[in-house]
Amino acid sequence: MSSIKKLRKHQTGDTIVEVLISLMVIGLAIGIGYGIASRSLKAARQSQERTEAVKIAEGQIERMKGALSGTNTADKDRILGLGSYSSKPVFCMNATSNAVGFPGTYGGNIQALSTDDFSSYPTADCVQGLYKIIIDEESDNRYAVVVRWDSLGSNQREEVKIKYKVYE
């Protein structure tokens with residue numbers, strides 16, 4: 001019997017406290033890893049959205065350049081098809097490089113992003129997926145191409161603005 005008592009005294013094992021501590025450490029490491037991965041995924045999504053918006057804005061500029069190439073820019077409103085508006089509308093370029101104007105509430109001065117309810121984009125030409133497109137003539141031959149969207153990675157509205165000058 002004394003040999004059994006000796007054996008029990010020298011036996012070692014994990015206590016419930018040690019097991020709980022090790023589970024807590026593992027859980028903490030997994031939680032930190034998840035947080036880092038989540039932030040990384042969000043940053044990648046925002047970067048992808050911004051890259052797509054820049055590509056759309058560049059495409060709008062290329063379409064506008066194509067429509068105006070080889071012409072006198074003094075006639076640009078007629079060439080773009082915007083001559084029928086009484087005031088300079090904001091517009092976007094459609095797939096066939098024609099301007100689609102809409103006089104909307106912008107009035108030649110693009111609304112602040114915070115007050116834009118995204119409902120005043122009248123045609124599918126000015127909407128590509130989650131991106132809304134506006135081109136505004138800021139002054140003679142100077143345009144601002146603005147692409148706006150509700151970010152999927154966060155509950156924010158985002159905007160890309162590229163300025164372009166048409167040279168005669």
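Residues are numbered from 1 along each chain as its sequence is written, and side-chain values use heavy atoms, with hydrogens and water left out. Because the model is predicted, local features need pLDDT of at least 70 and side-chain atom pairs count only at pLDDT 80 or more, while totals for chains, interfaces and linings use all residues.

**Core**

The largest nonpolar core has 27 residues. Such a core is a set of buried Ala, Val, Leu, Ile, Met, Phe, Trp, Tyr and Cys residues joined through side-chain atoms within 4.5 Å. Buried means under 20% relative accessible area, exposed over 50%, and partly exposed in between (1.4 Å probe, protein chains only). The members that touch the most others are M64, L80, F91, M93, I135, Y143 and V147. Two or more residues each come from α2 (16–68), β1 (90–93), β2 (99–102), β4 (131–139) and β5 (142–150). Helix α2 gives the largest share, seven residues. Helices (H or I, at least four residues) and strands (E, at least two) are DSSP runs, numbered from the N terminus. In soluble globular proteins, nonpolar side chains tend to be buried together.

M64 lies in helix α2 and is buried, at 0% relative accessibility. Leaving out residues up to four places away in sequence, M64 touches L80, F91, M93, I135, Y143 and Y164; contact means heavy atoms within 4.5 Å. M64 and C92 are 28 residues apart in sequence, with their C-alpha atoms 8.9 Å apart. V147, with neighbours within four places in sequence set aside, is in contact with A53, I56, A57, Y131, K132, E158, E159 and V160.

**A buried serine**

S151 sits in the loop between β5 and β6 (157–165). Its relative accessible area is 7%, so S151 is buried. The side chain of S151 makes a polar contact with the side chain of E49 at 2.9 Å. A polar contact is a pair of N or O atoms within 3.5 Å; within protein, one must be able to donate a hydrogen and the other to accept it, and residues adjacent in sequence count only if both atoms are side-chain atoms. Not counting residues up to four places away in sequence, S151 touches Q46, E49, Q156 and E158.

**Surface**

I16, V17, V19, L20, I21, L23 and V25 make a nonpolar surface patch of about 660 Å². Patches consist of residues with over 30% relative accessible area and no salt bridge, with nonpolar side chains (Val, Leu, Ile, Met, Phe, Trp, Tyr) joined within 5 Å and like charges within 9 Å. Areas come from the Shrake-Rupley method with a 1.4 Å probe; for residues, only the protein chains shown count as cover. I16 lies in helix α2 and is exposed, with a relative accessible area of 62%.

**Salt bridges**

A salt bridge is a side-chain nitrogen of Lys or Arg within 4 Å of a carboxyl oxygen of Asp or Glu. The count comes to five salt bridges, including those tabulated here.

| Pair | N to O distance | Relative accessible area |
|---|---|---|
| E138 and K163 | 3.3 Å | E138 39%, K163 57% |
| E159 and R148 | 2.6 Å | E159 27%, R148 2% |
| R157 and D150 | 2.8 Å | R157 31%, D150 35% |

The salt bridge of E138 with K163 links strand β4 to strand β6 across 25 residues. The salt bridge of E159 with R148 links strand β6 to strand β5, the two residues being eleven apart. R148 is buried, whereas E159 is partly exposed.
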